[in-house]
Each structure stands twice: as C-alpha cells, then as structure tokens.
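Hello,

Here is the structure we discussed. Please look it over before you set anything up; my notes follow.

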Amino acid sequence: MLRTARYIMKQSFLGSGQEAITCLAAANKASAAYQRKLLEALRKGERGFSDEKMQADIDKAKQKAIEAYTEYVTAISTGREVDDLLRYDSTDVLKGVVDRLENMNAIGVFKPKPPPFDPQASVWRYDIRALGMEERKLFVLFKLQELFAEAIQSGEQAQPNTVIVLDEAHIFFDSDPENILNSIAKEARKFGVALICISQSPTHFSEDFIAAVSTKVILGIDELYWRGAATKLRVEEQALAWIKLQKSMLVQIKSRGAPKNDWHWVVIPEMAHG
C-alpha cells in the first residue's frame, strides 16, 4: 500500500496530465487578462484596442498547452489516465497520505512478521491502545477483513469456531454500508464467526447492524442515551431505569420464526466467594 501511494504521488507530481492542466490554466488566465483590458478600453471609448505583447503571451501560452496535451495524449497507455488524474488531483493530499502510511509502517502493525501469539492459546488479545484513533480503526478493519476472508475460505460451519470481541466498538463504525463490521454481522454467522461488540450506547451503531444482531444485552446506559436507545432497540425507558450495575440487565434473543422478540428482565446472580 505504501509503495502504491508513493508511486501515485510521483505520477501525479511528474505526470504530463498535471502539466497539461497547468498550461491550460495559464492560457485561460492570459486570455482573461486580455479581455479585461479590452473591455476597459471600450468603456473609455477607445476603438481598435490592441496589445501585441499580451497577444503574444496568449499565443505562447496556448501553444504550450497544446504541446502538453499532445504529449499527454501520446502517453496514454492504460485508458485510466483521466480517471486517475481526477482521483489524485492534489499532490499535497497524496503527500499527506504517504506520510500517514509511513508513520503506520514505522509503528510496525502492518509488517509481515506476525504477533507472538501462542497457536495453542484459545484467546488472542490485541492491545492497540498505543495507536492513535485513526490507526486503531485502520488496523482493526484490516484485521477483520482478513479474518472474514479466512472464514469464507473455510466454508460453512455447523458451529462457531471463531469469536471476535470488539471493545469500544463504536470507534470502528461509520456510515459506509460496505464497512466490514456490517458484512460480518450479516454474513459471517454461517461461516462459524461470532461477533461481540461492546459500546457505551446502542446509538453508536447503524440500524442495519442492530437488525442483524441476534442477541442484545444491556448492562446499563447513561440517561443521556435513554431516548435514543429506546427508539433504536424498541425498549421502554422504564426498563432502562430498572437496570442496576452488576445486579440486573436486559436481554433480547431472536428466535427463528418468532413474530416478536421481547426483552427479558434478568437479575444477575451474585458470585459465590470462597
């Protein structure tokens, strides 16, 4: 990815397409300046206005633009040059992307060396607190994409064999319908993948994601989010007020064929101390 970004940045900076656009802009600017001067002369009642130097500059700028466009058209090879130019029209933006990728490469999370997990361990925990928010999101989404691809390659499973637990899950959601979290919630169940997302409020999740979740557990929500949670989860605010920390919770489990899925008021049993 970093190598590709560097290549695109160099192509944008040195490519003939960018040069052609620059030359065209110069020709337009020169012509506009001449027209302004001509109109000003007409307003003053001057007839037969002419500026040989400005006209020569316009002709020179036009010829330069023609040469640049000729060179650009001659250099077309893939047929995607115009689309690429529109997509990567700012060298400054591309440089920012390259800088970000170089920083992430220096952190080491995308290096080919795998983390030192024990293959026999049943739980693998990724501690990414040292990363910035954008880096965390990028790492998690790439990792989820990798896990989902592996699950698809393994084929359909009768029982879950992979459980993904995502703390502070709201960090990794966005409005993109192609977000891998939405894909996992909708499609990964049959491939043996279970997804557990933890957040401070259900208002952080999209309606499509909430609709795809088969089991919902509410351990407690700040009063600030009660109204939004009640609307999104179809639960009464009275039920949310009933929840007590480590003492009670609400649980909804979707049953196949059931016309309605009610919320169950559950008392959490006290842990035995011995």
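Mean pLDDT (the predictor's confidence in each residue, from 0 to 100) is 81 for the chain, and 81% of the residues score at least 70. Where pLDDT is low, the predicted coordinates should not be read in detail.

Ground rules: this is a predicted model, with local features needing pLDDT of at least 70 and side-chain atom pairs pLDDT 80 or more, while totals for chains, interfaces and linings use all residues. Numbering runs from 1 along each chain as its sequence is written, and side-chain values use heavy atoms, without hydrogens or water.

The chain has 10 helices and five strands (DSSP runs: H or I, at least four residues; E, at least two; numbered from the N terminus). Of its 274 residues, 29% are buried (under 20% relative accessible area, 1.4 Å probe, protein chains only).

Leaving out residues up to four places away in sequence, Ile218 touches Leu233, Leu240, Ile243, Met249, Leu250 and Trp263 (contact: heavy atoms within 4.5 Å).

Helix α3 covers residues 52–74. Its buried residues include Met54, Ile58, Ala61, Ala65, Ala68 and Tyr72. An α-helix has 3.6 residues a turn, so residues three or four places apart point the same way.

Best wishes

Terms used:
Buried means under 20% relative accessible area, exposed over 50%, partly exposed in between (1.4 Å probe, protein chains only). The expected span of a helix is 1.5 Å times one less than its number of residues.
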